[in-house]
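Trainee: Please walk me through this model one question at a time, and spell out the cut-offs as we go.

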Amino acid sequence: MTQPSRRNAVQVGIMGLAALVLLLVGVIWIKEYRLGEKKMTYTARFQEVGNLAEGDPVNVRGVRKGAVTDVKLEDQAVRVELELDRDVVLHPDASLRIANIGFMGEKFLALEPGTAPGRYDHTKPIPGRFQSGVPEVISGAGDLLIEATELSSRLNVMLDAIDPATVERTSKNMERASGSLNSALGDNRQDLRQAILDFKAAAHDLRAIASQNKDQVNTSLQNFDSASRKLSGLADQLSSTAASLQRVAAKVESNQGSVGRAIADTTLYVEMRETVRNTNELVKDIRKNPKRYLKIGLF
């Protein structure tokens with residue numbers, strides 16, 4: 001090989017090596033990798049991610065500290081994988097939200113590291129939420145405009161179906177009713193004021209009476225409670241007596257004992273059963289209506 005040919009081959013080799021080095025540097029720069037720096041991989045789940053894509057930045061309090069590495073659609077959610085610099089410390093209450101960079105709706109992940117004690121378990125997904133941006137707002141405004149247009153059309157149809165004369169009569173009737181109401185209020189303003197003052201005075205007197213008789217009311221309530229307990233005990237005793245009478249009547253009916261054999265006629269038995277029945281009814285009535293047998297004056 002001649003000297004010029006060897007020189008050309010060396011130059012071509014040097015240029016090729018330089019191009020390869022530039023290519024590697026460009027790839028590293030584009031992916032924003034720094035040589036020797038280690039990353040931590042996390043997973044997050046969202047219900048909606050908008051236009052979030054692989055390579056979008058992850059910012060921690062406004063500082064870029066990572067990037068999205070993968071976005072996968074699952075059955076009930078969207079799984080997002082991201083890499084973070086190892087100097088980012090996540091706490092158990094860390095959270096993610098999908099935010100917007102500019103007016104055109106470019107997405108990025110805004111990471112809140114949290115403040116709770118401890119470290120976040122990187123094997124668990126970070127909870128995430130979607131923050132609507134300008135495109136979502138414009139889309140929602142378009143839907144709202146369509147609904148407003150439909151509502152306007154329906155109102156126009158309804159107004160066309162209404163008789164203008166009916167609307168005019170209704171308006172006049174409402175105006176007359178309003179005038180009559182204003183007139184009535186004006187004529188009776190003094191009476192209304194006096195009624196309010198009387199009600200206020202009555203409330204004040206009632207409060208004074210209640211305050212003055214507070215001790216008597218408490219004593220009456222205590223007496224009523226004591227009398228109720230005594231009445232309940234009396235009802236229990238009457239119930240026990242009625243049960244005893246029932247047992248006696250049963251023995252008399254079966255002619256057991258001397259009393260059963262002595263009292264053999266049907267009239268006495270019927271009267272005894274009637275007495276037992278009346279006693280039971282009296283006990284039930286006392287339990288149901290104790291105020292009928294116990295009257296206590298409050299004042």
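## A tour in questions

Trainee: In which helix is the place of Leu-17?
Mentor: Helices and strands are DSSP runs (H or I over at least four residues for helices, E over at least two for strands), numbered from the N terminus. Leu-17 falls in the run of residues 3-31, which is helix α1.

Trainee: What pLDDT do local features need here?
Mentor: Residues are numbered from 1 along each chain as its sequence is written, and side-chain values use heavy atoms, with hydrogens and water left out. This is a predicted model: totals for chains, interfaces and linings use all residues, side-chain atom pairs count only at pLDDT 80 or more, and local features need pLDDT of at least 70.

Trainee: Is Leu-17 buried or exposed?
Mentor: The classes go by relative accessible area: buried is under 20%, exposed is over 50% and partly exposed lies in between (1.4 Å probe, protein chains only). The value for Leu-17 is 54%, so this residue is exposed.

Trainee: How many helices and strands are there in the protein chain?
Mentor: Read along the sequence, the pattern is α-β-β-β-β-β-β-β-α-α-α-α-α-α. The count is therefore seven helices and seven strands.

Trainee: What do the strands form together?
Mentor: Two strands pair if DSSP finds at least two bridges between them. The order is β1-β4-β3-β2-β6-β5-β7, with mixed pairing, and the seven strands make a closed barrel. On average, neighbouring strands of this sheet are turned against each other, direction ignored, by 35 degrees (axes are lines fitted to C-alpha atoms, for helices over the stretch in contact, and angles run from 0 to 180 degrees between N-to-C directions). In short, the answer is a closed barrel.

Trainee: Which residue of β7 is the bridge partner of Ala-44?
Mentor: On one side, β1 (residues 39-46) runs antiparallel to β4 (residues 78-85), joined by eight bridges; there Tyr-42 partners Leu-82 and Ala-44 partners Val-80. β1 also pairs with β7, in the parallel sense, over two bridges. In β7, the partner of Ala-44 is Ile-126.

Trainee: Which residues are linked with Asp-85 in a network of salt bridges?
Mentor: Asp-85 also forms a salt bridge with Lys-65, the closest N and O atoms being 3.7 Å apart. That pair is 20 residues apart, with Asp-85 in strand β4 and Lys-65 in strand β3 (residues 63-73); Lys-65 counts as buried, at 16% relative accessibility. The network linked with Asp-85 holds Lys-39, Lys-65 and Asp-87.

Trainee: Which residues does Gly-114 touch, leaving out those up to four places away in sequence?
Mentor: Gly-114 is in the loop between β6 (107-112) and β7 (126-130), and is buried because its relative accessible area is 8%. Pro-92 is 22 residues away in sequence and 6.9 Å away in space, C-alpha to C-alpha. By contact (heavy atoms within 4.5 Å), Gly-114 touches Arg-61, His-91, Asp-93 and Ala-94.

Trainee: Which residues form the nonpolar surface patch that includes Leu-17?
Mentor: Patches are made of residues with over 30% relative accessible area and no salt bridge; like charges are joined within 9 Å and nonpolar side chains (Val, Leu, Ile, Met, Phe, Trp, Tyr) within 5 Å. Accessible areas come from the Shrake-Rupley method with a 1.4 Å probe, and for residues only the protein chains shown count as cover. Together the patch has about 570 Å² of accessible area, and its members are Leu-17, Leu-20, Val-21, Leu-23, Leu-24 and Val-25.

Trainee: Last one: what share of the residues of the protein chain counts as buried?
Mentor: The protein chain exposes about 22,400 Å², and carbon and sulfur atoms supply 58% of that area. Of its 299 residues, the buried share is 18%.

Notes. A salt bridge is a side-chain nitrogen of Lys or Arg within 4 Å of a carboxyl oxygen of Asp or Glu.
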